[in-house]
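The entries follow in the order in which I took them.

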Amino acid sequence: MDIKLPLLPALIVLSFQVVIPSSYGATLGITATLLPACTAGTSSAGTTTFGILNFGNYATLTSTIDVTSAQLAGSVRVNCVNGLSYKILMDGGTAGNVTARKMANTTNSALTVAYNLYTTAPRTTIWDNTTGVSATGSGADQWYPVYGRVPAQTTPAAGIYSDTVNVTVSW
């Protein structure tokens with residue numbers, strides 16, 4: 001009988017088997033939020049730009065000069081989420097007036113050349129900072145040409161004339 005007592009705990013342990021599952025199932029929720037967003041222009045060295053609308057080289061301003069921008073040379077590139085409404089506005093440049101924009105001589109800012117920017121080829125609607133151009137995003141790049149005009153005027157001194165116009169895309 002002395003032999004049975006040490007075997008009793010081993011028999012008890014063997015008679016109570018614990019079942020441990022070999023796998024568990026559960027669900028994983030997946031979500032993403034697409035925010036209304038746009039990008040515009042091209043970035044280089046931390047600066048975003050639409051390029052330069054170049055009116056060219058002229059000896060006199062006795063005739064009207066019309067130019068049309070091209071991609072990466074003055075046209076406005078916007079890429080907004082599909083279905084998102086947005087607006088493109090342009091300020092008055094350094095003159096601060098959308099109806100009387102002026103390029104200034106780079107060495108003598110008192111010398112100026114009048115010009116303006118338009119939303120369409122007939123150049124009847126000035127691209128302003130209130131109405132601008134409204135559109136809806138497609139999820140792809142959308143390009144908007146800028147139509148420039150230097151009206152006939154008294155020709156100032158020879159030199160390089162320039163201006164900077166701020167473009168705002170809002171949604």
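**Aromatic pairs**

I began with Y115, which at 6% relative accessibility counts as buried (buried means under 20% relative accessible area, exposed over 50%, partly exposed in between, with a 1.4 Å probe and protein chains only). I note that this is a predicted model, in which local features need pLDDT of at least 70 and side-chain atom pairs count only at pLDDT 80 or more, while totals for chains, interfaces and linings use all residues. Residues are numbered from 1 along each chain as its sequence is written, and side-chain values use heavy atoms, with hydrogens and water left out.

I then looked up ring pairs (rings of Phe, Tyr and Trp, the last by its six-membered ring, pair if their centres lie within 6.5 Å; planes under 30 degrees apart count as stacked, over 60 as edge-to-face and the rest as tilted), and the count came to 2. F55 sits in the loop between β3 (47-49) and β4, and Y115 sits in strand β8, 60 residues apart (strands are DSSP runs of E, at least two residues, numbered from the N terminus). F55 is also buried, at a relative accessible area of 10%.

The pair of Y86 and Y144 is edge-to-face too, with 6.4 Å from centre to centre and 80 degrees between the planes. Y86 lies in strand β6 and Y144 in strand β10 (residues 142-144), so this pair ties together parts that are 58 residues apart in sequence.

**Nonpolar core**

I next asked how many residues the largest nonpolar core has (a set of buried Ala, Val, Leu, Ile, Met, Phe, Trp, Tyr and Cys residues joined through side-chain atoms within 4.5 Å). It has 25, and among those with the most contacts inside it are V76, V78, Y86 and Y144. Strands β4 (65-68), β5 (76-80), β6 (85-90), β8 (112-118) and β9 (133-136) each supply at least two residues of this core. Leaving aside neighbours within four places in sequence, I found V78 in contact (heavy atoms within 4.5 Å) with residues including Y86, I88, Y144 and V169.

**Sheet**

I traced an open sheet of 3 strands in the order β9-β6-β13, with antiparallel pairing (two strands pair if DSSP finds at least two bridges between them). Strands β9 and β13 (167-170) stand at the edges, each with a single partner strand, so one side of each is left without a neighbour in the sheet. Between β6 and β9 I noted 4 bridges, and the bridge partner of K87 in β9 is S134.
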